[in-house]
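Subject: A structure for you to look at

Hello,

Here is the structure I promised to hand over, and below it I have written down what was found in it. Please keep the view open while you read.

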Amino acid sequence: MILNVKFLKFACTGSLGTLTNLIVFYYCHSRFEYSPINASISAFLVASTQNFVINNYFTFKNKTLTIKKYIKYFFSCLIALMVNLLLLQILIIFFSINYLYLFQLLGILSGTLIN
């Protein structure tokens with residue numbers, strides 16, 4: 001039962017992170033005119049930091065945040081970022097940039113599955 005509650009909290013945090021990523025990506029790309037890759041990196045940095053903090057306090061009930069834990073977490077997430085960026089770039093090249101936000105979502109989901 002406890003495992004199911006933690007998994008649900010973890011899934012909710014991940015869903016919120018995906019939403020945050022897409023919102024930051026949108027603003028960075030459309031409002032601040034970042035390139036899609038730079039917008040994706042910026043969105044990743046915000047969303048992964050948010051996920052780290054929320055998972056730390058909400059999911060795992062750990063009351064202390066340390067730089068060492070964040071760095072370990074961050075480096076474990078870099079694989080997801082690389083997959084996201086690679087897929088985003090491939091989809092932009094072979095399809096149209098008109099689907100950019102869908103491509104970002106697919107990149108997020110692909111990176112999450114790999115991670």
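**What was found**

Thr112 lies in helix α4, where a helix is a DSSP run of H or I of at least four residues, numbered from the N terminus. This is a predicted model, in which local features need pLDDT of at least 70 and side-chain atom pairs count only at pLDDT 80 or more, while totals for chains, interfaces and linings use all residues. Residues are numbered from 1 along each chain as its sequence is written, and side-chain values use heavy atoms, with hydrogens and water left out.

At 52% relative accessibility, Thr112 counts as exposed (exposed means over 50% relative accessible area, buried under 20%, and partly exposed in between, with a 1.4 Å probe and protein chains only). Its side chain reaches the backbone oxygen of Ile108 at 2.8 Å, which can be read as a polar contact (a pair of N or O atoms within 3.5 Å; within protein, one must be able to donate a hydrogen and the other to accept it, and residues adjacent in sequence count only if both atoms are side-chain atoms). The C-alpha atoms of Thr112 and Ile79 are 9.0 Å apart, although 33 residues separate them along the chain.

How do α3 and α4 pack? Helix α4 (residues 100-114) packs against α3 at an angle of about 145 degrees, with the axes 8 Å apart; axes are lines fitted to C-alpha atoms, for helices over the stretch in contact, and angles run from 0 to 180 degrees between N-to-C directions. The contact (heavy atoms within 4.5 Å) involves residues including Ile79, Val83 and Leu87 of α3 and Phe103, Gly107 and Thr112 of α4.

Helix α2 (residues 36-59) and helix α3 (residues 67-94) also cross at roughly 145 degrees, and their axes come within 10 Å. Among the residues that meet there are Phe44, Ser48 and Phe52 in α2 and Tyr73, Leu81 and Leu88 in α3.

Ser48 is found in helix α2, and with a relative accessible area of 5% this residue is buried. The side chain of Ser48 reaches the backbone oxygen of Phe44 at 2.8 Å and that of Leu45 at 3.5 Å. Other buried residues of α2 include Ala43, Ala47 and Asn51.

Which helix holds Lys9? Lys9 is found in helix α1 (residues 2-31), and it is buried yet has no salt bridge, since the nearest side chain of opposite charge, Glu33, is 42 Å away. A salt bridge is a side-chain nitrogen of Lys or Arg within 4 Å of a carboxyl oxygen of Asp or Glu, and for charge Lys and Arg count as positive and Asp and Glu as negative, whereas His and the chain ends are not counted. A polar atom of the Lys9 side chain lies 3.5 Å from the backbone oxygen of Phe58, and, leaving aside neighbours within four places in sequence, Lys9 is in contact with Phe58, Thr59 and Lys61.

Two loop residues deserve a look as well. Glu33 sits in the loop between α1 and α2, is exposed at 70% relative accessibility, and has a positive phi near 60 degrees. Lys61 lies in the loop between α2 and α3, and its phi is also positive, near 55 degrees. Most residues other than glycine have a negative phi.

Best wishes
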